[in-house]
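Dear colleague,

I am passing on the structure below, and I would be grateful if you could look through it alongside the notes that follow.

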Amino acid sequence: MRARAIALQLRCLVCRNETISSSQAALARDLRLLIRELLCSGNSDKQIIDFIVERYGEYILLQPPFEGPALILWFFPLFVLISSIVYLILAVKVRKSDTLPLLTQKETERIKILMQDCNSR
């Protein structure tokens, strides 16, 4: 049961987004055997995971830790979302400012005079 719980936390390096528990790859089978051997040796779950991470790197973890370079993975989607919202707001403001300004009072009076002249002819 403990071996299965540990295997569900680890990524198969051959299959990529599949746990070593469900993978049929030879490497996944070897890792499952290694986990059982380490459990029989009396190692804790954390010790086993730490050993495998030390050997294969943090990529083997299905959920990367919330520290160091992995923070980029955690916050990048949020950064993209916020950047997109800011871009849309700025684009709307620029578009609104591109509209033609209203006529001044003087221009309005001048147009009325010109229209009256045209109508009187």
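Is threonine 19 buried or exposed, judged by its relative accessibility? Before the answer, please bear in mind that this is a predicted model. Threonine 19 sits in the loop that runs between helix H1 (2-7) and H2, and because its relative accessibility is 14%, where buried means under 20%, threonine 19 counts as buried. Its side chain is joined to that of serine 22 by a polar contact of 3.1 Å. When neighbours within four places in sequence are set aside, the residues in contact with threonine 19 are Ala7, Leu8, Leu10, Cys12 and Leu62.

The next point concerns how two helices are arranged. Helix H2 covers residues 26-40 and helix H3 covers residues 45-56, and their axes come within 10 Å of each other and cross at roughly 140°. H2 is therefore oblique to H3, since roughly antiparallel would require an angle over 145 degrees. The crossing in which H2 passes H3 is right-handed.

Which residues meet where these two helices are in contact? From H2 they are Leu27, Leu31, Leu34, Ile35, Leu38 and Leu39, and these meet Asp45, Ile48, Phe51, Ile52, Arg55 and Tyr56 of H3.

Although 30 residues separate arginine 36 from isoleucine 6 in sequence, the distance between them in space is 9.9 Å, taken from C-alpha to C-alpha.

Alanine 70 belongs to helix H4, which spans residues 70-97, and with a relative accessible area of 8% alanine 70 is buried. The C-alpha atom of alanine 70 lies 9.9 Å from that of tyrosine 59, a residue 11 places away along the chain.

Finally, glutamate 109 is located in helix H5, residues 105-120, and its relative accessible area of 43% makes glutamate 109 partly exposed. How far apart are the C-alpha atoms of glutamate 109 and lysine 46, which are 63 residues apart along the chain? The separation between those two C-alpha atoms is 83 Å.

With kind regards

Key:
Residues numbered from 1 in each chain as written. Predicted model: local features only at pLDDT ≥ 70, side-chain atom pairs only at ≥ 80, totals over all residues. Heavy atoms only, no water. Axes fitted to C-alpha atoms, helices over the stretch in contact; angles between N-to-C directions. Helix = DSSP H or I, 4+ residues; strand = E, 2+ residues; numbered from the N terminus. Parallel < 35°, antiparallel > 145°, perpendicular 65-115°, else oblique. Left-handed = near helix turned anticlockwise from the far one by under 90°. Contact = heavy atoms within 4.5 Å. Buried < 20%, exposed > 50% of the residue type's maximum accessible area, 1.4 Å probe, protein only. Polar contact = N/O pair within 3.5 Å; in protein donor to acceptor, adjacent residues only side chain to side chain.
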